[in-house]
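Q: I have just opened this one and would like a walk through it. Can we start with a pair of side chains?

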Amino acid sequence: PSRPDLRAARGAGGAYWSDLLADLERRGIECIDTTPALLGAGAADEARFWMPQEHYSPEGNRLVADALERALRAE
């Protein structure tokens with residue numbers, strides 16, 4: 001998710017893609033959502049996770065990669 005997506009996901013409605021992820025999982029399609037890792041690290045508000053035009057910085061990419069690795073190893 002982008003920085004604006006993360007900020008919106010913190011709100012009362014949660015992430016706009018949550019229903020899609022739930023539907024995919026009900027259909028047996030595995031999904032990995034890195035939103036919790038990004039929010040847990042404070043990426044919605046921390047500039048160090050972002051490059052211009054909302055791309056992840058090296059630190060942001062590392063955070064996402066670590067979350068993916070944890071999810072894949074848990075299988």
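A: Take D23 and R27, whose side chains meet in a salt bridge at 3.0 Å, N to O. A salt bridge here is a side-chain nitrogen of Lys or Arg within 4 Å of a carboxyl oxygen of Asp or Glu. This is a predicted model, where local features need pLDDT of at least 70, side-chain atom pairs count only at pLDDT 80 or more, and totals for chains, interfaces and linings use all residues. Residues are numbered from 1 along each chain as its sequence is written, and side-chain values use heavy atoms, with hydrogens and water left out.

Q: Is D23 buried, partly exposed or exposed?
A: D23 is partly exposed, with a relative accessible area of 24%. R27 counts as exposed, at 62%. The cut-offs are under 20% relative accessible area for buried, over 50% for exposed and partly exposed in between, with a 1.4 Å probe and protein chains only.

Q: How many salt bridges does the whole structure have?
A: A search of the whole structure finds 7. One of them joins R10 and D45, at 2.5 Å from N to O. That pair links distant parts of the chain, 35 residues apart: R10 is in the loop between α1 and α2, and D45 is in the loop between α3 and α4. Helices are DSSP runs (H or I, at least four residues), numbered from the N terminus.

Q: Which residues are in a network with R10?
A: R7, R10 and D45 are linked in a network of salt bridges. R10 is partly exposed at 46%, and D45 is partly exposed at 48%.

Q: What about R73 and E69, where do they lie?
A: Both lie in helix α4, 4 residues apart, which is about one turn of the helix. R73 counts as exposed, at 65% relative accessibility, while E69 is partly exposed at 37%.

Q: Now R3. Buried or exposed?
A: R3 is buried yet has no salt bridge, and the nearest side chain of opposite charge, E54, is 4.8 Å away. For charge, Lys and Arg count as positive and Asp and Glu as negative, while His and the chain ends are not counted. R3 sits in helix α1, residues 3–9.

Q: What is R3 in contact with?
A: Beyond its neighbours within four places in sequence, R3 is in contact with A43, A44, D45, E46, A47, W50 and E54. Contact means heavy atoms within 4.5 Å.

Q: And E54, what is its phi like?
A: E54 has a positive phi of about 65° although it is not a glycine. Q53 also has a positive phi of about 65° and is not a glycine. Most residues other than glycine have a negative phi. Q53 is in the loop between α3 (35–40) and α4 (58–73), and E54 is found in the loop between α3 and α4. Q53 counts as exposed at 73%; E54 is partly exposed at 37%.

Q: Which residues make up the largest nonpolar core?
A: It has 8 residues: L6, L38, A43, A44, F49, W50, L63 and V64. Such a core is a set of buried Ala, Val, Leu, Ile, Met, Phe, Trp, Tyr and Cys residues joined through side-chain atoms within 4.5 Å.

Q: Last one: where is T34, and is it buried or exposed?
A: T34 lies in the loop between α2 (18–26) and α3. At 9% relative accessibility, T34 counts as buried.

Conventions. Helix = DSSP H or I, 4+ residues; strand = E, 2+ residues; numbered from the N terminus.
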